[in-house]
Amino acid sequence: MRYRADVAVLGAGAIGSAIALKARGLGASVVLVDAGRAGSGTTGATFSWFNASSKIRLDYPREYFELNKTGVEHAYRLARELPDGSWLHPTGNIEVVSGRGMDQLRTDVAEMVGRGYPVSLVDAQAASDLEPALRLPADSMAACYPHEGWIDGPHLVRSLVDGLRRTGGDLVESDAVVRFAIQNGRVARAELASGSSVEADIFVLAAGIDTMALAALADVSIPMVERASPSVAGLLVHCQVPSDEAPPHRIVHVNGVAVRPNGDRRVLMVDAEGDPELTLDTPAELLALKADVVLRRAREGLPGLRVASRTSVVIGVRALPTDRVSIIGHAPGVDGLYVAATHSGISLAAIIAELAGSEIVLREQQRALEPFRPSRFVRSDPEVATAVQ
Ligand SMILES: Cc1cc2nc3c(=O)[nH]c(=O)nc-3n(C[C@H](O)[C@H](O)[C@H](O)COP(=O)(O)OP(=O)(O)OC[C@H]3O[C@@H](n4cnc5c(N)ncnc54)[C@H](O)[C@@H]3O)c2cc1C
């Protein structure tokens, strides 16, 4: 089979599917290709909290916070624009801290308020009034983020892909890109495992953690954290809550655990502190022990979870650029290749699609994307290049 389109998007997670639909909406013919089923990558196993508040610390550049902040607004907009926007759950988020963490939280909240981000500080009593599932010591306080929430990743992708097909775009599933044909310095064709091929004016690499490997097929370096690194793996603990107990209504960050509702009487939690021992190869027995620790910590702040039962434990795979910040833009050194690799793609899918779509189809450079260009990893000075390697 030979496909031909103006734009070929490679990878049908939240990022690729959103870009594909946006490009189609701007009038381009589009083919979206995935090695597996659309939405079955990281987007199918993620905590899925849309927010910018997690980008206020860790020395993230201000521009990255702003991109996520606009991302939250665009997620709401996308949910309104699509016929089915019920993948977005605007529950709000409460972040609880106690003891020494309170000074840091005050500083962060003041900074976010200064940046125009909706957040307020409340004492322990007010936090428990807002979220009755919480039980907090008196020396604690909470930040409330009323417009944050969570997105059902697979549902979002279904909604995007439905939109793409409805408007005449093509989806190719279960067929991996295995090679690029490059002619005169331009990517001319992607060859698929089945023997099919895709010709396009521009190829968008949106393959999550596999973007680095895909880019390497075109001799382009997109530095991302290797799969073996502990920072790539994230422990996701799914639980069922019996009918006589109250699960939280919001996302709750407490005791280093993030907990959110996950449909009827179900909750999902993730270790928000990170686990330096966890990798994609951690054996199942150890995962179960780690999951129990996460659940125990969650129960300290959310006693209603004391009878919650663990239904499954999943390791999610983070696609992390080495400097932890999105890589978005035309690939350096070869024409016809555009990269969209990022962590926090649930928060960012809608805004990246909006901006990248304009760059790809309308050829309008977007200033908001300038800090995120793939070219930042290219050093023209050979001495520096050697040092960086
Ligand atoms: C534990 C965990 C918690 C997270 N929590 C949050 C959060 O709270 N908020 C947030 O915003 N983000 C969060 N993220 C990140 C977020 O889930 C992802 O950034 C988001 O799902 C977007 O993923 P993606 O589209 O880039 O990649 P993916 O969903 O992985 O999609 C990439 C697709 O590319 C396909 N592919 C790979 N190789 C090829 C090939 N050769 N040819 C064709 N197709 C290929 C794959 O099959 C896959 O479907 C979390 C991630 C993890 C792991």
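**Note on the ligand site and helix packing**

1. A polar side-chain atom of D34 lies 2.6 Å from an oxygen atom of the ligand; this distance, like every other value in this note, comes from a predicted model. As for the accessible area of 1000 Å² that the ligand has on its own, the protein covers 93% of it.

2. The ligand is surrounded by 34 residues, of which D34, T43, T46, W49 and G345 are the closest. Sorted by class, this shell contains 15 nonpolar, 16 polar and three charged residues. At least two shell residues come from each of α1 (14–25), β17 (309–317) and α8, and the largest share, three residues, is supplied by α8.

3. Helix α8 (residues 345–362) also packs against helix α2 (residues 62–81), at an angle of about 90° and with the two axes 6 Å apart. Angles of 65 to 115 degrees count as roughly perpendicular, and α2 and α8 are therefore roughly perpendicular to each other. On the α2 side the contact is made by Y64, L67, N68, T70, G71, V72, H74, A75 and L78, while α8 contributes S347, L348, A350, I351, E354 and L355. By class, the residues in this contact between α2 and α8 are nine nonpolar, five polar and one charged.

4. A separate remark concerns A45, which is located in the loop that runs between β2 (30–33) and β3 (49–50). Leaving aside residues up to four places away in sequence, A45 touches L236, V314 and G316.

Note on methods
Residues are numbered from 1 along each chain as its sequence is written. This is a predicted model: local features need pLDDT of at least 70, side-chain atom pairs count only at pLDDT 80 or more; totals for chains, interfaces and linings use all residues. Side-chain values use heavy atoms; hydrogens and water are left out. Axes are lines fitted to C-alpha atoms, for helices over the stretch in contact, and angles run from 0 to 180 degrees between N-to-C directions. Helices (H or I, at least four residues) and strands (E, at least two) are DSSP runs, numbered from the N terminus. Angles under 35 degrees count as roughly parallel, over 145 as roughly antiparallel, 65 to 115 as roughly perpendicular and the rest as oblique. Contact means heavy atoms within 4.5 Å. Ala, Val, Leu, Ile, Met, Phe, Trp, Tyr, Cys and Pro count as nonpolar, Asp, Glu, Lys and Arg as charged, and the others, Gly among them, as polar. A residue is near a molecule or strand if one of its heavy atoms lies within 4 Å of it. A polar contact is a pair of N or O atoms within 3.5 Å; within protein, one must be able to donate a hydrogen and the other to accept it, and residues adjacent in sequence count only if both atoms are side-chain atoms. Accessible areas come from the Shrake-Rupley method with a 1.4 Å probe; for residues, only the protein chains shown count as cover.
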